[in-house]
Amino acid sequence: MFRDPEALKEDMSGLKSSLWRLSACGSRRRARLGLSRGECLHVGRTPGAGAPRGLLCHSKRLEAPLTPPPAPSSAAECKLNHYPGRSRVPVFAMESEASGSLRPIKGQSGSLGKVSSQTKTHFKVSRFIMEAGVKLGMQSIPVATACTIYHKFFCETSLDTYDPYLVAMSAIYLAGKVEEQHLRTRDIINVTHRHLNPGSEPLELDAHFWEMRDSVVQCELLMLRLLNFRVSFQHPHKYLLHYLVSLKNWMNRHCWDRTPIAQAAWALLRDSYHQALCLRYEAQHIAVAVLYFALQCYGVEVPADVETEKQWWQVFSEDLTKPILHSIISELIQLYTLDTEIS
């Protein structure tokens, strides 16, 4: 589903001033995350080594309590951490019968209608994954993999069954293994505990901590089974890098240097992982769409012959059509609209 091109131009012009403002806020990003020296010490990593930040990772933290999971008595009776009042579901009670096709995430849609509570929850948890990735010193690809695993998991199951923050913790842990950037479970648990309980002390190595660690590991096993061990993904990052290099050599050097096209495109790509765009569209199409969106927001036109048969974005991806391009941009605009509603 895509919107009329004229409506897209109006939405993009309204976002132009916001993008200019947000692109100038790099010096205050660490303050927005609330990183302190104590946090840096107890996770054992340097937050500054994290991935590039998006435009949406600056909102207030959630203040939901992290309830301890029950101690597992056996592998068959392990239970996941749940919100208070939810029924507990055994980890291995769900036999994976998922096929290769992906179903839309429950509560999400590509339209700009009323936003469901599940969509808001996925948005907040995705933001948590990105902020936790920065605190843990994760690179861009592992963070993107963690978000993709999280979204794909809830394509196959219901949000009412499992605690999304426990799933997010396991997704971060699993993504570190997949992308060869291994993380300690203690670091992940401490960052999550500090995120959900601001101002609290780091967890002690007591029974409560080991119960949480067992829950993260058991949830990781569930995710692998439910996703049929298909946890390696093709991300748009490498495509966007090549497209930016080609476009830089294509355009006027002065025009390129005075507008932060590259920074805006990378920020838009990172923010796209707040939703399941990575599962609904091809990686090349997303890379071209965020680059096209960044150029439109800053009013930069790519020099081309009027009589040319192809648009510049069709040179990068021959199977990309204008409806697909507008559909991706519409979902990105919806993403920033959702950010204003939640904030």
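Cys297 is tucked away: at 1% relative accessibility, this cysteine counts as buried (buried means under 20% relative accessible area, exposed over 50%, and partly exposed in between, using a 1.4 Å probe and protein chains only). Keep in mind that this is a predicted model, where local features need pLDDT of at least 70, side-chain atom pairs count only at pLDDT 80 or more, and totals for chains, interfaces and linings use all residues. Residues are numbered from 1 along each chain as its sequence is written, and side-chain values use heavy atoms, with hydrogens and water left out.

**Cysteines**

- How many disulfides does a search of the whole structure find? The search turns up zero, where a disulfide would be a pair of cysteine sulfur atoms within 2.5 Å.
- Take Cys147, which is in no disulfide: its nearest cysteine sulfur belongs to Cys278 and sits 7.7 Å away.
- Cys147 is also buried, at 0% relative accessibility.

**The overall picture**

- The protein chain has 15 helices and zero strands; helices (H or I, at least four residues) and strands (E, at least two) are DSSP runs, numbered from the N terminus.
- Of the 343 residues in the protein chain, 51% are buried.
- Look at contacts (heavy atoms within 4.5 Å) between residues at least 6 apart in sequence: 80% of them join residues at least 24 apart.

**The nonpolar core**

- The largest nonpolar core holds 85 residues, and Ile172 and Leu291 touch the most other members. Such a core is a set of buried Ala, Val, Leu, Ile, Met, Phe, Trp, Tyr and Cys residues joined through side-chain atoms within 4.5 Å.
- Which helix gives the most to this core? That's helix 13 (residues 283–297), with twelve residues.
- If you skip its neighbours within four places in sequence, Leu291 is in contact with several residues, including Leu240, Tyr243, Leu244, Trp312 and Phe316.
- In soluble globular proteins, nonpolar side chains tend to be buried together.

**Salt bridges**

- The whole structure has four salt bridges, each being a side-chain nitrogen of Lys or Arg within 4 Å of a carboxyl oxygen of Asp or Glu.
- One of them pairs the side chains of Lys177 and Glu220, at 3.0 Å from N to O. This pair links distant parts of the chain, with Lys177 in helix 6 (residues 164–178) and Glu220 in helix 8 (residues 207–226), 43 residues apart. Lys177 is partly exposed at 32%, while Glu220 is buried at 5%.
- Arg280 and Glu331 also meet through their side chains, at 2.4 Å from N to O.
- Arg184 is partly exposed at 46%, but Asp187 is buried at 2%.

**Helix 4**

- Helix 4 (residues 117–135) has 19 residues and reaches 27 Å from its first C-alpha to its last, close to the expected 27 Å; the expected span is 1.5 Å times one less than the number of residues.
- Helix 4 is mostly covered, with 15 of its 19 residues buried.
- After helix 4 comes Gly137, which has a positive phi, near 75°.
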